[in-house]
Each structure stands twice: as structure tokens, then as C-alpha cells.
Amino acid sequence: MSNFREFFMQKLLILLKPGDIDMSAKDFVSTYASYMESIGIVGKGPTGYVNFPSKIAPVQEQNTQLFQELVDLTHTLDIHTVASMDFYTDGWFARDPKYHTVSPRGEPMPHQICPNREEFWAYGAEIVSELGAFPIDEILLFGAGFIRDHFCFCDRCRNEFAPTVDQEPARLTYEYITENPDYHAKWHEWRAGKVNEGLRRLQAAARASDEKTGRETPLKLSVEVLLDPETGFSEGGKGQYGYDYNGILDITGSVIINLYPWSPILPTSGSAEYNELIESLYFTNEFTRRGGTASLFRWGVVSMEQLQELKALGRDASIERFMTTFSYPADYSTRRESAIGNY
Ligand SMILES: [Zn+2]
């Protein structure tokens, strides 16, 4: 990647995969540290594997040295140091039929966990405390919601939700829920409750890690929310993914808006869609007003033009923090299909 320097100079937080760094951590840091305000490294990716030594998660052994050296070095230089963690997007754990989320027709989704799994919240909390043992300032939490409105129809979700809408678990269908606006509203509220409960567990683990490590500034947990025209921008995202923006503000105080994850092209400034997008970002004002953080994020930003486009949008939406990755997630097509394809 030749334009690391230019990207860093734009005060952009780049979330790097270990493979993006083709030199030692020491060489990387000594080359770029003077331009770097912050740096991100993937802690746990959507494969479920982690890049640091872990007692509970499967480990990519070849990456652990780079991970440890990088966060130690950047921390020492007072560079804001960030690790990412995919949560329900966990291909390793989701192979287990006890955990993966299920479509209305009963199809298992072996790339994503049902957010109604207390045992998995405990697993996530363990990962947060393992990450929190490293000298990092922030965790970017990806994949924190449901796949879409049509999820989840696993046995546990059926058994819990069906009685609240006077239905037998086995006979609960997506049509049954959506044809009654009250049931549909209950569905949204119930799912958002699960998402928030999971976040509370992770936030508690972050606070416990502060105590254990004596961290001066609390470890920040920033939660990804997907915002796409295909899923109704921010308002539609609440119902689709189970987000409760005020809940996230209360629980962790920091949100990452993943812009247009399913639609590759951002609208042109001044167009009707552009204005709709800016309007749908108004909810972030509440974050800033109450001392929280809102960041704009995009997958696969590789050119300065793409970056300037993102920053221009941020100016119009009064958002000042930007994050990117150089690539799309490896399981992107599966995820996109399950989020906006035919289910
Ligand atoms: Zn479920």
C-alpha cells in the first residue's frame, strides 16, 4: 500500500489486517509514526479467528507477534491504538448449530450468530477482556446486530417470542409477525432488547478490564451500525438490524456508522438521496451533544478521492471522525446476500 502516508496525514483511522502490513511492526511504526494520529488492527475478524494469543478463541498464530508489537509500540508513542472485534459475525462459532442464526424457512446461517445467546455474550465478554489486557484505547465492535428483519427464527427465538404474540413457537412465521403492526413493533422492540443486552455485557467487561489494568482513560467500545438505502437508512436500520441508537449511546457512548455497506456507490452531493442520507445521520447529533462519539466508516477505501468523498459527507453531517479498511470482509458476498437477497 503506497499511500499509507497520505492516508495517515488525513487523520484517518485505518483498520489494518495483519496482511496489510508487509514489514515488521517496528519498521512500520518507525516509517509512519510521525504521520499517525491513530491506528487500528484487526483483533478478531469475521472468520472468528483472533490475531492475538487467546485462551478461548482460535488463533492465527502467524499474526500474534505483529499484533502485540504493533499495539505496544503505538501505545508507547501515544498514538490512539485500536483493535477490532467482530461479534455476531463469527464464522468459526457459527458452524455450531447451537449458535448460528436461522432464516424464517429454517435455513441455518453458518456465518452469523443469533444475538439471543447469553452464552455467546459471555464469550464476547471474554474476548473483550483478553483484548483489554493489551495497551489499546478502543475496541471497534463489528457485527453487533441481526442480519435483517427476517431473523432470527431459531428455536430459542421462536420459543421466547411466539407467546408474546399469541402464537405457538412452531407456527410462528415472518408473515404472521409482519401482517400485524403491533406484533411487528413488538418484534423490533424484543430484538433491540437482545442487542442491547449483549452490548451491556461487553461494556461491563470493558469496565472490568479498566480496573484490572489500571487504565487511566476507560477502554472505549465503539459499535458498528449498518446504514444503507436498501435497508431504509438509519430509521429502517433500527427495525432491520435491531439497533436502538439511544440505547447504544447510553451503554457505550460511541457509534461507528458503516456507510452504504450493501450499496457500493455513495450519492452525489446535492442529490435527493444525498440529502436523505444527511438527514438520516441527524441522530448522531445526540451522541455529540451528550459527549459521545460518532464516526463514519467505509469498507474498501483505497483512493484519496474516495476518502475526500467520505470527508465531504462528514462535513455536511457534522461528523469529524473517519475510519476505513482497505478491503471488504472476506465473507462479503454471503453477508450481502443474506442482508438484502431473497429470504
Ligand atoms: Zn435466534
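This is a dialogue on how to read some features of a predicted model.

Colleague: How many helices and strands does the protein have?

Modeller: Helices (H or I, at least four residues) and strands (E, at least two) are DSSP runs, numbered from the N terminus. Here there are 13 helices and ten strands.

Colleague: Why is the protein called as compact as a globular protein of that length?

Modeller: The radius of gyration is taken over C-alpha atoms, and the globule rule is 2.2 Å times the number of residues to the power 0.38. For 343 residues the rule gives 20 Å and the radius of gyration of the protein is 20 Å, so the protein is as compact as a globular protein of that length. Along the principal axes, the C-alpha atoms fill a box of roughly 65 × 50 × 35 Å.

Colleague: What share of the residues is buried?

Modeller: A residue is buried if 20 or more other C-beta atoms lie within 10 Å of its own, exposed if 12 or fewer, and partly exposed in between, with C-beta atoms placed from the backbone. In the protein, 44% of the 343 residues are buried.

Colleague: How do the axes of helices H2 and H3 cross?

Modeller: Axes are lines fitted to C-alpha atoms, for helices over the stretch in contact, and angles run from 0 to 180 degrees between N-to-C directions. The axes of H2 (residues 25-32) and H3 (residues 64-76) cross at roughly 35° and come within 9 Å.

Colleague: Is that crossing left-handed or right-handed?

Modeller: A crossing is left-handed if the near helix is turned anticlockwise from the far one by less than a right angle, and right-handed if clockwise. H2 passes H3 in a right-handed crossing. Ala25, Lys26 and Val29 of H2 make the contact with Leu66, Glu69, Leu70, Leu73 and Thr74 of H3; two residues are in contact if their C-beta atoms, placed from the backbone, lie within 7 Å.

Colleague: Which residues does alanine 25 touch?

Modeller: Not counting residues up to four places away in sequence, alanine 25 touches Leu66, Glu69, Leu70 and Leu73. Alanine 25 is buried, with 20 other C-beta atoms within 10 Å.

Colleague: And which residues is threonine 74 in contact with?

Modeller: Leaving aside neighbours within four places in sequence, threonine 74 is in contact with Val29, Ile39, Ile79 and Thr81. Threonine 74 is buried, having 26 other C-beta atoms within 10 Å.

Colleague: How is the span of helix H7 read?

Modeller: The expected span of a helix is 1.5 Å times one less than its number of residues. H7 (residues 181-213) has 33 residues and reaches 48 Å from its first C-alpha to its last, close to the 48 Å expected. Just after H7, glycine 214 takes a positive phi of about 70°.

Colleague: Where is tyrosine 260 found, and what is its phi?

Modeller: Tyrosine 260 is in the loop between strand S8 (254-259) and helix H10 (272-280). Its phi is near 50°, a positive value in a residue other than glycine. Serine 318, also not a glycine, has a positive phi of about 55°, and lies in the loop between helix H12 (304-317) and strand S10 (321-324).

Colleague: Which peptide bond is cis?

Modeller: The bond from phenylalanine 151 to cysteine 152 is cis, with omega near 15°. Cysteine 152 lies in the loop between strand S6 (138-142) and helix H5 (155-161).

Notes: Residues are numbered from 1 along each chain as its sequence is written. This is a predicted model: local features need pLDDT of at least 70, side-chain atom pairs count only at pLDDT 80 or more; totals for chains, interfaces and linings use all residues.
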